[in-house]
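Let's take a friendly walk through this structure together. Take a moment to look at the picture, and then we will begin with the ligand.

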Amino acid sequence: MTLLSSLTGPRDLKRMNHQQLVQLCGEIRGTIIDTVSRTGGHLGSSLGVVELTVVLHRVLDSPKDRLVWDTGHQAYAHKLLTGRLDRFETLRQLGGVGGFPRRSESDHDVMDGGHAGTGLSVAEGLALARDERHSDEQIAVVVGDAALMTGLSLEALNDIGTRHTRMLIVLNDNEMSISPTVGAFSQYLSRIKLSRTWRGSKRVYDDSIKKVPIVGPTLLEWSIRFRKSIINFGQPGQLFEDLGITYVGPVPGHNLLALERTFRRALRDMDGPVLVHVRTRKGRGYRPAEADKISFHGAALPPMTVLEGGDGNTVGPAQAEGDAALSSSQRKDSKKKPPNYTTVLSDELIRIAAEDQRVVAITAGMPTGTGLAKFEQVYPTRMYDVGIAEQHAVTLATGLALGGQRPFVAIYSTFLQRAFDQLVHDVCQNDVPVVIGVDRAGLVGEDGTSHQGMFALPAQRQLPNLVIASPKDEQELRRLLRTAFGQDHPFALHYPRDAGFDLPAVDPTPIPIGQAEVLREGTDILIAGFGPIVARGILVADRLKARGWSVAVLNARFLKPLDRDTLLAQVRGKRLVVTLEESAATGGFGSAVLEAISEAGIADPQFRGIPVKQIGIPQDRFVDHGSVVDLRRVTRLDEDGIEEQVVEAVQAAGITPASKDRLEARTA
Ligand SMILES: Cc1ncc(C[n+]2csc(CCOP(=O)(O)OP(=O)(O)O)c2C)c(N)n1
């Protein structure tokens, strides 16, 4: 039996001696590496906070005390210490343990997370509520150095400082976001060097880290180098002090003794907010992850590929947080997939930028995930990584456009939710030619509820001046990108996380704004789709044809403006209209079609009474984690599910194929 499996809860940690804690950290690391090698997941961030997690659970009394994990991607050790070891192998799989804290899983999980920068506000809320109730629990929050500079975190710090809210803020500083942390704030943090206190504890520190299995010597080397560079600032962390937050640190974040001593003292003495600045190493304890922090930040599908590592470690992720992929030379046995939409888009953007000097690119802390790292290699001065600051990214684009540039802002659909008002107030109100690349539109898979790209379409549909488009395949993606740069209004281009169809490259001629495409003619049913789900629509049309139905297929391409003429010409005379979108089923494309038919029916009786079946992500629910294939199955958005839904609709509507009617009329 391992120490980890013998734990009944975090309280057991309090009884362990130093040696046991060191062993436990090794076991936690082993479990995380082993599991993530099979399931994918946020590896680097989780490995970096193992000691931090163990010590926090030793000094706190969770769940009475509340431990908040900002973003929540680094909470695997927390999950292992709070009763989820036996189910941990199901990490991020359908029905399994989630990749982020989830209140439904454990009382120790304070909040369902996923998006960066929420931790400080939530923790402050908990602390204020505690004070209202005159209760005495401790409130602690762990926030990364990249998440700390999100607008939301800065707003929270501002408030925490003025209110003097009693809470422990643990700044987990590994100098990394997914890519290296950017911005003046991060430069400020890295200028703060190890303080005198930790020089004093040099020997204790060295002795303890030498004992850490496998990684000890590396850490010692690192720490010696680190100490050599010590510059004692008069007042490290003065910025926080000036905000009214007591600053302590920096503390070496893999030193159990140093961490424990600091946290105990902070919790005992604090009467307001205390920020403990902890220095950790991302990927700590797994050499490939320490060496390649970007690729090993996280791993989504396909699960980690076996790596031929030089140090006896044999696992590694094949693709990071829907983000950076390992180079093909690092993969073994992996079949070559067609390029994904993101890659096709960034390649085309590079070509467009070669033709138009005004084209610039913006990312909010996701240069690899959005494919813009490639753009930066070609045009280093024309790319802006603003850090995890989606709101700023969108408004910065407005300013750039007002200044005569042609900005392209790539943001994952889920993170663009952050910048909704910036899209409304800045981009659309000013009607500026900003092209928004809405990446990861649709189901994204293992990251789960917080990350599915399913809410942007209904929200964006309300916005004046905005063109909204989505391609049926990667070929059309390139054409629509050309379309976006060939016009002068805000343009939201939605594309999925998926691989493309490996179509041969053809000349990407722009598509006239608002022009749909009829892919199939038919007389009974119209399947009208928006985005890559159209391909599934065609396959379903084939299956329905085999069942005797004559099915037309329309590729909308634009949700706004909707091609009403083409749509209504196709709707006329049909017995059923089916709409397809991989987005929330209401308020988006299907609703737009329904509204168009309903409005046409006011003046023209031919459009009255035509049943419309809206197929999308079922209404009023979040979609949990699982592979995209599994999620499409459970949301009935794969071919089988769509076919079933259409068959159910024709049965419920009591309609039969027109050809059958004709046959029956002839035989009567
Ligand atoms: C609003 C938002 N934008 C982007 C992301 C994607 N993302 C997940 S983790 C991460 C980096 C976080 O860095 P940091 O806070 O320093 O934590 P670390 O992973 O280094 O421990 C990013 C950009 C997100 N989760 N939320």
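The ligand is surrounded by 23 residues, and the closest are Ser45, His73, Ala116, Met176 and Glu390; a residue counts as near a molecule if one of its heavy atoms lies within 4 Å of it. Before going further, please keep in mind that this is a predicted model, in which local features need pLDDT of at least 70, side-chain atom pairs count only at pLDDT 80 or more, and totals for chains, interfaces and linings use all residues. Residues are numbered from 1 along each chain as its sequence is written, and side-chain values use heavy atoms, with hydrogens and water left out.

What kinds of residues make up the shell around the ligand? Eight are nonpolar, 10 are polar and five are charged. Here Ala, Val, Leu, Ile, Met, Phe, Trp, Tyr, Cys and Pro count as nonpolar, Asp, Glu, Lys and Arg as charged, and the others, Gly among them, as polar.

Now look at individual atoms. Glu390 has an N or O atom in its side chain 2.7 Å from a nitrogen atom of the ligand. In the side chain of Lys282, an N or O atom is 3.0 Å from an oxygen atom of the ligand, while Ala146 places a backbone N or O atom 2.9 Å from a ligand oxygen atom. Taken alone, the ligand exposes 580 Å², and the protein buries 99% of that; these areas come from the Shrake-Rupley method with a 1.4 Å probe.

Let's move on to Glu260, which has its place in helix 13 (residues 256–269). Helices are DSSP runs (H or I, at least four residues), as are strands (E, at least two), and both are numbered from the N terminus. Is Glu260 buried or exposed? Glu260 counts as buried because its relative accessible area is 14%, and buried means under 20% (1.4 Å probe, protein chains only). The Glu260 side chain also makes a polar contact of 2.7 Å with the side chain of Arg58. Such a contact is a pair of N or O atoms within 3.5 Å; within protein, one must be able to donate a hydrogen and the other to accept it, and residues adjacent in sequence count only if both atoms are side-chain atoms.

Two further stops remain. Gly641 belongs to helix 26 (residues 639–653), and its relative accessibility is 4%, so Gly641 is buried. Val540 is 101 residues from Gly641 along the chain, with 9.5 Å between their C-alpha atoms. Asn555, in strand 16 (residues 551–555), is buried at 0% relative accessibility.

Technical notes
Buried means under 20% relative accessible area, exposed over 50%, partly exposed in between (1.4 Å probe, protein chains only).
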